[in-house]
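User: I'd like to go through this model with you, a bit at a time. Can we take it as a set of questions?

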Amino acid sequence: MLSIAVCDDEVIECCNMAKRIKEILEEMKIPCIIRQFRSGGGLLQALESFDVVFLDIIMQDLDGMKTAQILRERASDKILIFVSSSREYVFEAYDVEAFQYLLKPVEGRKLKSVLQKIVLKTESRSQEFIIVSRERQKKKLFLDDIYYFEIKGRIVDAHGPEGIFAYYGQIGELENKLRDKGFFRCHKSYLVNLKYAEGYNRQEVILENGEKIVIAKRRYDKFAQEVLRVMRKNGGIL
């Protein structure tokens, strides 16, 4: 299911774009969830992690370009689509790796073409996820986007490119859910996504983002077996 945000401070424009996107995706038989935002600040405060963001550029307070810069800092793989009445910001869009730059009014054929490309791009990603709850809200956590889980009492911190998402849970139950999914519990407090392991020694595993996670002595041998298995599976020559 595609999770999409449409951000435009013009209410009618925002509603119309969301409606058109939904109609096209329904025609393509692609399930989706679409949320509308009237400001960049409101979008940045949302708890959800959206797959795709349609952003107007000229907005009050926080403009679309600055909003995109912050989103890109949080998540390198988020698909950003600019929608603007001006060509003025086309080259700036390259700086935040925008997927597309659409000029208003957006032609139906062009919007459908962009959505088709988005669907192809997202379907190539791993779609496995878990659903967790926080503050009466449900959230999808895609496994490919998790560096590691950390337990702090009854709180589980999911560490990923967008920062930390905390929720109530038990790491034992999580470990069982993620068995054979490329995760390994290297310590009683840590469940690591071995895909992101760049190196390790007997004391710790070093992740691609530079973080170091402790390895319990009694878990080291099993950890070494698992991380080598994952490396081979992902194309490593060992």
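Predicted model: local features only at pLDDT ≥ 70, side-chain atom pairs only at ≥ 80, totals over all residues.

User: In the open sheet of five strands, which strands stand at the edges?

Analyst: The five strands are paired in parallel, in the order β2-β1-β3-β4-β5. Two of them have a single partner strand each, so one side of each is left without a neighbour in the sheet. Those edge strands are β2 (32-37) and β5 (100-103).

User: And how much does the sheet twist on average from one strand to the next?

Analyst: The strands in question follow the order β2-β1-β3-β4-β5. Going from one strand to the next, the twist averages 20°.

User: Now the largest nonpolar core: which element gives the most to it?

Analyst: This core has 23 residues, and L2, I21, L25, F54, L111 and I118 touch the most other members. Two or more residues come from each of β1, α1, β3, β4 and α5 (108-123). With six residues, the one that gives the most is α1.

User: Which residues is I118 in contact with, leaving aside its neighbours within four places in sequence?

Analyst: I118 is among the core residues that touch the most other members. Once those sequence neighbours are set aside, its contacts are L2, V52, F54, I79, I81 and F99.

User: Over to the rings. Is the pair of F149 and F183 stacked, edge-to-face or tilted?

Analyst: F149 sits in strand β8 (residues 148-152) and F183 in strand β11 (residues 183-187), 34 residues apart. Both F149 and F183 are buried. Planes under 30 degrees apart would count as stacked and over 60 as edge-to-face. The ring centres are 5.8 Å apart and the planes stand at 45°, so the pair is tilted.

User: One last thing: over which ring does the charged end of K139 sit?

Analyst: K140 lies over the face of F129, at 5.2 Å from the ring centre. As for K139, its charged end is 5.2 Å from the centre of the ring of F165.

Terms used:
Residues numbered from 1 in each chain as written. Heavy atoms only, no water. Phe/Tyr/Trp six-rings, centres within 6.5 Å; stacked < 30°, edge-to-face > 60°. Helix = DSSP H or I, 4+ residues; strand = E, 2+ residues; numbered from the N terminus. Buried < 20%, exposed > 50% of the residue type's maximum accessible area, 1.4 Å probe, protein only. Lys NZ or Arg CZ within 6 Å of the ring centre and 35° of its normal. Pairing = 2+ DSSP bridges. Axes fitted to C-alpha atoms, helices over the stretch in contact; angles between N-to-C directions. Core = buried A, V, L, I, M, F, W, Y, C linked by side-chain atoms within 4.5 Å. Contact = heavy atoms within 4.5 Å.
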